[in-house]
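Here are a few friendly notes to read alongside the model. Please keep the 3D view open and find each side chain as you go.

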2 protein chains.
Amino acid sequence: MTAKEKNLYEAKAKVLKALAHPTRLWMAEQLSAGEMCVCEFVDQVDADFSTISKHLSVMKQAGIVEDDKRGKQVYYKMKVPCVMNFMGCVEAVIKSNAKDQAALVK
Amino acid sequence: MTAKEKNLYEAKAKVLKALAHPTRLWMAEQLSAGEMCVCEFVDQVDADFSTISKHLSVMKQAGIVEDDKRGKQVYYKMKVPCVMNFMGCVEAVIKSNAKDQAALVK
DNA sequence: TAAACATTTGGCTATTTTGCCAAATATAAA
DNA sequence: TTTATATTTGGCAAAATAGCCAAATGTTTA
């Protein structure tokens with residue numbers, strides 16, 4: 001593997017890693033329905049507001065979301081919405097796993 | 001968020017996490033072109049064979065790949081191939097990031 | 001201008017992940 | 001049945017991640 005390819009796979013992994021956290025994934029799904037400000041997440045997520053801010057920052061660094069400061073608030077929105085198209089397939093994996101589990105106790 | 005929903009997001013995150021590593025992602029892409037045995041990865045990946053085995057195990061635990069022992073060798077293949085459909089979008093994120101980077105130095 | 005509000009950042013600890021080595025296991029070949 | 005080959009597993013140290021608190025920053029309101 002060339003250095004260039006290695007960089008490419010690291011970059012791809014970074015994008016996936018940014019989504020690979022339950023809280024971040026939930027927030028990304030919310031954002032795919034439209035922009036939200038940090039304060040809305042603070043109301044809905046059971047975590048310190050600094051933690052929420054850092055999660056959003058991880059997704060921003062990965063290039064998945066972008067932010068927009070308006071007044072006192074910062075609004076986040078999806079930058080590359082196709083990211084969430086994937087979730088149907090992730091759910092297919094979960095269902096496949098559930099089926100395997102069910103088969104074990106049959 | 002209910003406990004059930006929480007479990008769901010944890011399960012989804014686990015699937016993403018299993019792909020969110022450069023080596024695992026590369027291996028997953030290879031597997032989406034057809035099954036491969038561990039020994040082939042050992043030849044092509046610059047990591048200890050035990051490390052490779054553990055990476056494959058992570059993807060297996062997540063339900064992304066399945067294994068099949070034939071003789072001395074263990075063959076892995078994608079279990080839910082749609083997983084790799086996502087990569088086009090991940091690449092779109094990378095391109096978007098590259099564009100942003102380029103804009104910085106314009 | 002001071003106080004209140006929204007968010008980010010720094011710092012710290014706890015937890016998780018990585019990746020190597022060595023040892024165990026399983027299968028095939030000599 | 002010893003030996004070689006392929007893979008997994010256990011154990012450990014290093015690195016990365018998560019999440020809280022406190023402090024800093026930027027913005028509006030009183």
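1. A residue counts as buried when its relative accessible area is under 20%. Please keep in mind that this is a predicted model. W26(A) has a relative accessibility of 10%, so W26(A) is buried. F41(A), at 0%, is buried as well.

2. How many aromatic pairs are there over all chains? The count comes to three. One of them joins W26(A) and F41(A), with 6.3 Å from centre to centre and 70 degrees between the planes, which makes the pair edge-to-face.

3. Now turn to chain B. Why is the pair of W26(B) and F41(B) called edge-to-face? The planes of the two rings stand at 70 degrees, with the centres 6.3 Å apart, and planes over 60 degrees apart count as edge-to-face. Here W26(B) sits in helix α2 (residues 22–31) of chain B, while F41(B) sits in helix α3 (residues 38–44) of chain B, 15 residues away. W26(B) is buried at 10% relative accessibility, and F41(B) is buried at 0%.

4. Finally, look for charges over rings. In chain A, K12(A) lies over the face of Y9(A), 4.7 Å from the ring centre. In chain B, R70(B) lies over the face of Y75(B), at 4.2 Å from the ring centre.

Notes. Residues numbered from 1 in each chain as written. Chains lettered and ligands numbered in written order. Predicted model: local features only at pLDDT ≥ 70, side-chain atom pairs only at ≥ 80, totals over all residues. Heavy atoms only, no water. Phe/Tyr/Trp six-rings, centres within 6.5 Å; stacked < 30°, edge-to-face > 60°. Buried < 20%, exposed > 50% of the residue type's maximum accessible area, 1.4 Å probe, protein only. Helix = DSSP H or I, 4+ residues; strand = E, 2+ residues; numbered from the N terminus. Lys NZ or Arg CZ within 6 Å of the ring centre and 35° of its normal.
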